[in-house]
Amino acid sequence: MSNIALEVHDLTVAYRRRPVLWNVDFQTTEGRLVGVVGPNGAGKTTLIKAILGLTPLASGHVEIYGQPYAQQRQLIGYVPQRESVDWEFPVTVRDVVLMGTYGRLGWFRRPGAAEKAIADRCLAQVGLTDFAGRQIRQLSGGQQQRAFLARALAQEATIYFMDEPFAGVDAATEAAILELLRSLREAGKTVFVVHHDLQTVREYFDEVLLLNMRLVAYGSVREVFTQQNLQRTYGGRLTLLDQAAEAVSLREPPT
Amino acid sequence: MTMYMIGPSLFAISIAGKVALGAGLLGAAAGVIGSFAVLKRRSLVGDMIAHASLPGVCLAFLIAGSRDSDALAIGALLAGMLGVGCVAVITRWTRTKDDAAVSLVLSVFFGAGVVILTYLQNHGTGGQAGLDSYLFGEIASLQSRDVRRLAIVLGLVLIGVTLAFKELRLATFDEEFARSQGWPTLAIDFAVLGAIALVTVVGLPLCGVVLVAAMLIYPCAAARCWSNKLAVVLVIAAVIGALAASGGVLLASFPAIGGPIGEWSAWLVGSTPPPGPMIVLTGAVLFGLSLCFAPEQGLLAKLIRDANLRHIIGRDHLLRSLYELTEPQLAARPGVTLSQLADDFRGRSAQLRRLLAEIENEKWIERSGDSVRFTSAGLNRATQVVRAHRIWELYLVHYVDIPADHVDGGADDLEHLLPPELVTRLETELATAGRLPPNLKSIHPL
Amino acid sequence: MTELLANIDVRAVLVALVTNIACALAGVFLVLRRHSLMGDALSHAVLPGLVLAFLFTGSLGAGPMLLGAAAAGLATALLTQLVASSGRVSNDAALGVVFTALFALGVLLVKRFLGKIHFDIACVYEGSLLNAALDTVSFGGVELPRTLWQGLLVLAIVAGCLTLFWKELGISAFDPVLATTMGLSANKMHYLLMLLVSLTAVVSFQAVGSILVVAMLVAPTATAHLLTDRLMPLVVWATLLAITATLVGYAAAVRFDFSPAGAMAVASGALFALAALLGPRHGLVSRVVGNLRVGRRIRRDDLLSSAYRREESGVAAPIAASAAVAEIGGGLLAWWAYVDLLRKGLATRSATGLTLTELGRTEGAQLVRAHRLWESYLVEQMGIAEDHVHAAAHEVEHFLDAELRERLAAERPAGEKDPHGRVIP
């Protein structure tokens, strides 16, 4: 039997007490490329952040290879959304990629020759070697995204979470990223990718996780990525669920 | 004793030197630690801490009963950190936004400080005159002990930043990623704020409330113009901070040294200019210089780049006009009269003359009397320019769906910036799509 | 009347009231647009404008002074934009650079040119309400402090602009992009605000000092925002709070011989703290109490539904109160809920233990109904596995009102059982 890389158990996330994700429950086997798909505001980013412990959970728990997240941090690679940082910040592309190795280094130890070699290798993998010395603002959108990917690669993780790595990138970058995702899978890594473009889901991913405030369906693309499930995911909001969320957030007794 | 034997003027200079040294140490420390506030986009946190520390100073004075600077500094530090805590509590637990919370804490704490201060004054505890210096600074009161203390603070800041450089860089740049790696970003944040508070309170008696806040902002803002690497930014910020502070103090002492310089500077800034404002204005000048003259990112460099671009655009236009006038008999390279060209450069005859002289200098044209004709090198060059222009136009029409009569303007701006490889790529792409008209093929470089 | 106006305290209070109300009004949109720090910056940056106006005209008449303030205020806003547009420096740093430089220039000018005249530099921070009250001019036969006249003028300007540009300011504070697409330039409103703040700052400056200006710009609106959610009441609250802070502060200052400006700033801070603690809806205390009540209600519901389930399953024997409380997790809140249960007449206590009354039975049925309906919904509509729904339904059951319950019920055939095969009451 193959290893369970990630288990999410009855995860509920509330924002100001209003539930935005209800009872998400699934487990993923090692070595899969998983697309996280759903409409805007479905909670895709929230799910990733909740798994990574960046957003508090209202209930439920997350296990990485059978252990809580806090003990398995070194197994995790993370690619946040591109808008989440200040691109004017005085760091070079290489500095950013080096940050991927910080978690392993621990307090006060500087990245040494070994870490720099890793960073250079990761830069080469995403084709940014020639841009290593540039300030990050001086990259195109696609290159910025690749720099973030290289940083995640430098984490040398086992499970990767990528928040919209394909957003706003050119065709060449999209192809390069896809190439990279596949090579990660070849190496036995598990990769979760928040994805927007329904056209490419079938081609890109092994498994798909359809999300809209709750887990609509999860499984292999062939079985799950069906017209019917998509309709359930995108077919309007669940007004009842919305109203229940509203009622819970107001915390006022029913009349 | 020895001081007096050296003589009064040297004595004055040695005091000025000590004061400048102290100010320089403070400036360097403020420059380094302030950079982390500026880069995190909360530059005014120093301003908040400086204001919020006043009640601490006054209470420490009330309790210690003397102007013991250590007690006052500890009081200031505690009050400043309390202010930071209040802002954190207000933004966390109420709907008040951070900017309002900062302003609120700043003004209310300072108001409380003023209340205690006037209480002290009105109840004649004596010595309270010294507390006034917390408002505007009294750098002349700097003593050897203060210099030592400033050196220790600078040392602490430098050691801390050097040791935790990696952590600070990560937590300042991408807090969320840092948290996903398990770094205690909140603790790092408070450590930075604590260091800022420390520098602020040791700087307070020297520069005063508002101006110590400025010392945290200027160095990084200026250094940011010079470099894109954090370590370099920090070093430059330290240097600029030290320069501004000691330079400001020295400038403030000019009127006292007499002679023509002294008189002139006394006329300019008064006979006893306050050092705090002098430091800030020196910093402002350094910042202004950085903003204007930094390579690559300075305003001057930008102006030069723009002028260069405009120049290239003008030259390309001239080459294209000449080419188009020559085009009917390209191989013969007939002469073109200046009056024909003047049509394309109406109202810009001076520019036309200058550009003609320039391309003649480049040996791209030959002039005979009133007419000019391409040399073969010139035709070659013009061909490249026209080719880029036309291919870009075609690309816009076919791929960007811009109507044909609108492309000329759009093509004008960008075509001058197209790298040759891209032109070749566009050309192949258009050719494979069968969209390259035969007449365009004829202007391949000869 | 004139006798009253001759009283120095009355004059001082009037000056402070007028300037503080002007500040509070100008601050409303400043805080709502999240530009509070601009208030801090402007209240310092107007100093050189004030000094230059004084140097050029030799007087502190309203005209030159307001012009100087307007010039300095606009210079701050423009320079900040210029520095920030260089792209190297973020907005806040640009602001910090500009206003400290202008302030330093102002201090230097004061020391250079006004050092020996009546301009006490410490006044920059705390002002001098007494001097302001003493320096009177007669206007239309009424002798009032000069600052009061100026303050009234500025108050009129501020109130006038707010009335005229009410909807423009409102929209551009709420959604600058929308405002600009509607042709109401948010940028122009920004400059208008900067102008108003500079004008109020410069008048308040002499009377109460720069720091109280900041306090009065920010604190009333921030406090009012804790008390109300709507714009018009917010303006009224802000004005009332400014008045209260002024009166309380002045009274304390007279009583204990403090700086009035400092005392007013502290009073406005105290009002904020009070509102943050005791505010009706957003206050800390009411939120804690609210949470406790919800906690109690949830536990009361739990007591009811577990008693109902026991009856349903046919275990007729009531269980002891302590056992019932322990069953729902125990603790003080649970006991409180138990007391509440008895008081509301939902259950009675007998020697054998807890028994539901008729009312309690109905309520318990409703709760269990909500629970089971939600479970069914989770399983059928959301495709969640049966064995995962109980905890989730347990969380939600307390908050489903009658309407929601009926809508849930409407989505399923009548008389159907819940996922665990139990009847839905």
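Colleague: How many salt bridges are counted between chain C and chain A?

Modeller: This is a predicted model. For a pair to be counted, a side-chain nitrogen of Lys or Arg must lie within 4 Å of a carboxyl oxygen of Asp or Glu. Between chain C and chain A the count of such salt bridges is zero.

Colleague: Which three residues supply 29% of the area that chain C buries against chain A?

Modeller: The contact draws 23 residues from chain C and 23 residues from chain A, and together the two chains bury about 2,100 Å², of which 58% is on carbon and sulfur atoms. On the side of chain C, the share of 29%, more than any other three residues give, comes from C:Met382, C:His388 and C:Phe399.

Colleague: How far apart in sequence are the parts that B:Asp70 and B:Arg145 tie together?

Modeller: The side chains of these two residues meet in a salt bridge, with N to O at 3.6 Å. Because B:Asp70 lies in helix H5 (residues 69–93) of chain B and B:Arg145 in helix H8 (residues 144–163) of chain B, the pair ties together parts separated in sequence by 75 residues.

Colleague: Is C:Asp340, which forms a salt bridge with C:Arg300, buried or exposed?

Modeller: The closest N and O atoms of C:Asp340 and C:Arg300 are 2.8 Å apart, and C:Asp340 also meets C:Lys344 in a salt bridge at 3.3 Å. C:Lys344, at 42% relative accessibility, counts as partly exposed. Buried means under 20% relative accessible area, and since C:Asp340 has a relative accessible area of 1%, this residue is buried.

Definitions and conventions
Residues are numbered from 1 along each chain as its sequence is written. Chains are lettered from A and ligands numbered from 1 in the order in which they are written. This is a predicted model: local features need pLDDT of at least 70, side-chain atom pairs count only at pLDDT 80 or more; totals for chains, interfaces and linings use all residues. Side-chain values use heavy atoms; hydrogens and water are left out. Contact means heavy atoms within 4.5 Å. Buried area is the accessible area (1.4 Å probe) that two parts lose on being put together, summed over both. Helices (H or I, at least four residues) and strands (E, at least two) are DSSP runs, numbered from the N terminus. Buried means under 20% relative accessible area, exposed over 50%, partly exposed in between (1.4 Å probe, protein chains only).
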